[in-house]
Amino acid sequence: MILGSMEPRRRWLVLGLAALAVVALIAGGAVVITRLTGGDPPAGTPVAGSPSPSPIGTPTPSPSGPPPGANITGPLTLLLVGVDTRVSVPGWEPHSDAVLVLHVPKGLGRAYLFSLPRDLLVDIPAFPKSGYKGGRTKLTHSMSFGSRVPGKPKQPSTAQGYELLRSTVSGYTGLRIDAGAVLTFNGFDRLVNALGGVDIYVDQRVASLHRKPDGKYRDSAPGGYTGPQQVYEKGNRHLNGWQALDYARQRYITGGDYARQRHQQQLVRALTRKILDEGLARQPERVDQVVAALGDTLIYVGGNRIVDLAYALSGVPEDKFVLVGLPGSGVGKGSAYQGEQLTSEGRKFITELRAGRADAYLAAHPKLVVKT
């Protein structure tokens, strides 16, 4: 499926990896783009991976002119979303199960990745496209509210839902969102398998709520699930696609959703290292494999041309890719749980990030830096 104009399918490797390891890919992405793509969609056009092959284009920048993206100096902010679409359920509205923000300050020499809790209480603005009138509720609902298409109750639009999520995140953080990518759970599974699995340090014992040791889903029962559980023991582990997805989804563990956010960020870093170590961006045949695996499980929305963005961010080193964990706490009335809120320390980080003082703030609050 293509949303927008038809483009060579190889381009969308850039977008799929962007959804999980943006900095790593675009550090070598210029090579992929100049060798494997032709043209770019109009600014702001949402697109998805194409399952069918297309001719290869080989545009190169003019030797006498500036390189692509020369006018992009930052700051840049990318919104990366993992979505539970449950496409097998007619009319199921997509929910943002993972919301990650990647901010690259002016100068493009450093990048900060942080997560926002899916249950974060936020003000969601009115969205006439879907008929939503606005309100204060959990962040995860902004995508589902925005995905509703008037007159088509069983045909929600993930791309449209992303628009409302983007506006909501921008309003909460005060950061302008320049581009973003949405990857479904199935797309994540496929991506990791296409990369040959991923090596990660499991920092605490995690028992899966959803999966058996053989990867099959556990049987549902009143009040939960039954049967053997897949367990991820503490230590260095090699995970395949379903294992990586399952591990990153668990939130009924010590630390709750904040531990899950940490694990998702660690997985992003592990994928980043995998891409760099294997030189994936310089292997066209591997590019083909990954893109074919992603298919239409990916949606990208960007204001900049991908070729420009890749060149502009090509100088961000992997060791300057900082993972930040924002602490929070539950909000409720009496015993009724309403959602989550960031602590003053977490909110202050976003304020300092906007002001260009993130490094100094993290130096004074080192526990916010996620270790891998």
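Over the ring of which residue does the charged end of R211 sit? The ring belongs to Y217, and the charged end of R211 lies 4.2 Å from its centre. A charge counts as sitting over a ring if NZ of Lys or CZ of Arg is within 6 Å of the ring centre and within 35 degrees of the ring normal.

A word on the ground rules: this is a predicted model, where local features need pLDDT of at least 70 and side-chain atom pairs pLDDT 80 or more, while totals for chains, interfaces and linings use all residues. Residues are numbered from 1 along each chain as its sequence is written, and side-chain values use heavy atoms, leaving out hydrogens and water.

Next come the aromatic pairs, of which the structure holds three (Phe, Tyr or six-membered Trp rings with centres within 6.5 Å; planes under 30 degrees apart are stacked, over 60 edge-to-face, the rest tilted). One of them joins F114 and F349 edge-to-face, at 5.9 Å centre to centre and 80° between the planes. Because F114 lies in strand 4 (residues 111–116) and F349 in helix 9 (residues 344–354), this pair ties together parts 235 residues apart in sequence. Helices (H or I, at least four residues) and strands (E, at least two) are DSSP runs, numbered from the N terminus. F114 is buried, with a relative accessible area of 0%, and F349 is buried with 0%; buried means under 20%, exposed over 50%, partly exposed in between (1.4 Å probe, protein chains only).

Y232 and Y247 also pair edge-to-face, since their ring centres are 5.6 Å apart and their planes at 65°.
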